[in-house]
Structure formats: C-alpha cells, structure tokens
Amino acid sequence: MDAIDRKILAELQHDGRISVTDLAQKVGLSLSPCHRRLRALEAGGVITGYAPKIDAAAVGLQFSAIVFVSLRDTSGESVQAFEEAVLGVQAVIRAERLFGDPDFMLHVVTRDLGAFQLLYDRELSRLPGVLRLSSTLVMKSIVADRPLPL
C-alpha cells in the first residue's frame, strides 16, 4: 500500500459514493489505473464494503447502551457459541471481544428504555454462556464513525 492507495481510501471514507472518474481526479490518477487500484483494494480485503451512514434517531432508534458481558467459561467452544449467537441480535450494532474481564462489549440501540429492557431480559441475558451483564447508558455520542487516520 502506497500513498496513492491511502489517498483513495481517505476519499472513499469521506464519500463512498464518489464516481471512479471523480476519485481518479482527486488522487491524481487517470481513470484506468485508479479503477485497477480500487479493485485491488477490494480484492485484497482492504475495502470490505460500501454502506450509507444512517442517523439512528432519525429512524426511531433513540436509545443507546453499552453492555459488558462476562462469560461463565471462556473456553473456545463457549466463546464461539456466544459470538455466533450475538450475530443474530439485530439491536447489537457492534460487538467486541476484550482482554480480561469483562469478556465482551456490546453496543446496542433500541427505540427507548422499555425496548432495551425487553432486549436485555429476553435476548441478551439468554445468550449462551452469559454469567453477568452490566450496562451503561449512552448520554451523548461525541465521536461516531470517524474515518480511519490514513
């Protein structure tokens, strides 16, 4: 990866819908080389997809929480079962495995507190291997979806 690839990535983080023609112009390449580099970045797994950024509150998801999860057992099977199950919980918009305790951090969005309570009681607490859940409510998002510092 060179400086031009990084420029391509930076432009795409700023505007994922930019045309290849405009992208080429912004990074100082002609169309064909820019297109080849773009396809190589996609094929190499550097670019993993293109998606719009959606304002959660604008679509009725006004409640946000971070849920910390400790598992009873952290054997490979238990961790894998938990990870596979959490993939099916639509309200979890980000899940991260952590070193130490707790074992996982889940970022959750719901309509409101009542919807969060139902999710917590009916889905999150019933995920495989859960020993303990601890949650904190998000008061305000300061930095969200910041582009990577390329």
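Modeller: Start with Ser78. Leaving aside residues up to four places away in sequence, Ser78 touches Leu71 and Asp73. This is a predicted model. Ser78 sits in helix α4, which covers residues 76-86. Is Ser78 buried or exposed? Its relative accessible area is 17%. Buried means under 20%, so Ser78 counts as buried.

Now the salt bridges. Side chains of opposite charge can pair when their charged atoms come close. Searching the whole structure gives 5 salt bridges. One of them joins Arg37 to Asp2, with the closest N and O atoms 2.9 Å apart. Arg37 belongs to helix α3 (residues 31-43), while Asp2 lies in the segment before α1 (3-14). The two are 35 residues apart in sequence, so the pair ties those parts together. Asp2 is partly exposed, at 32% relative accessibility. Arg37 is partly exposed too, with a relative accessible area of 24%.

Arg37 also forms a salt bridge with Asp5; here the closest N and O atoms are 2.9 Å apart. This pair links distant parts of the chain: Arg37 is in helix α3 and Asp5 in helix α1, 32 residues apart. Asp5 is buried, with a relative accessible area of 11%.

Another salt bridge pairs Arg39 with Glu42, and the closest N and O atoms are 2.6 Å apart. Both residues lie in helix α3. They are 3 residues apart, so about one helical turn separates them. Arg39 is partly exposed at 38% relative accessible area. Glu42 is partly exposed at 24%. As for shared partners, salt bridges join Asp2, Asp5 and Arg37 into one network.

Step back to the whole chain. It has 5 helices and 4 strands. Along the sequence they follow the pattern α-α-α-β-α-β-β-α-β. The radius of gyration is 20 Å, well over the 15 Å that the globule rule gives for 150 residues, so the chain is more spread out than a compact globule. The C-alpha trace spans about 55 × 35 × 20 Å along its principal axes.

Of the 150 residues, 28% are buried. The chain exposes about 10300 Å², and carbon and sulfur atoms supply 53% of that area. Among contacts with a separation of 6 or more, 61% are between residues 24 or more positions apart. Last, the charges: the chain has 17 positive and 18 negative ones, and their mean positions are 5 Å apart.

Notes. Residues are numbered from 1 along each chain as its sequence is written. This is a predicted model: local features need pLDDT of at least 70, side-chain atom pairs count only at pLDDT 80 or more; totals for chains, interfaces and linings use all residues. Side-chain values use heavy atoms; hydrogens and water are left out. Buried means under 20% relative accessible area, exposed over 50%, partly exposed in between (1.4 Å probe, protein chains only). Contact means heavy atoms within 4.5 Å. The radius of gyration is taken over C-alpha atoms; the globule rule is 2.2 Å times the number of residues to the power 0.38. Accessible areas come from the Shrake-Rupley method with a 1.4 Å probe; for residues, only the protein chains shown count as cover. Lys and Arg count as positive and Asp and Glu as negative; His and the chain ends are not counted. The place of a charge is taken as NZ of Lys, CZ of Arg, CG of Asp or CD of Glu. A salt bridge is a side-chain nitrogen of Lys or Arg within 4 Å of a carboxyl oxygen of Asp or Glu.
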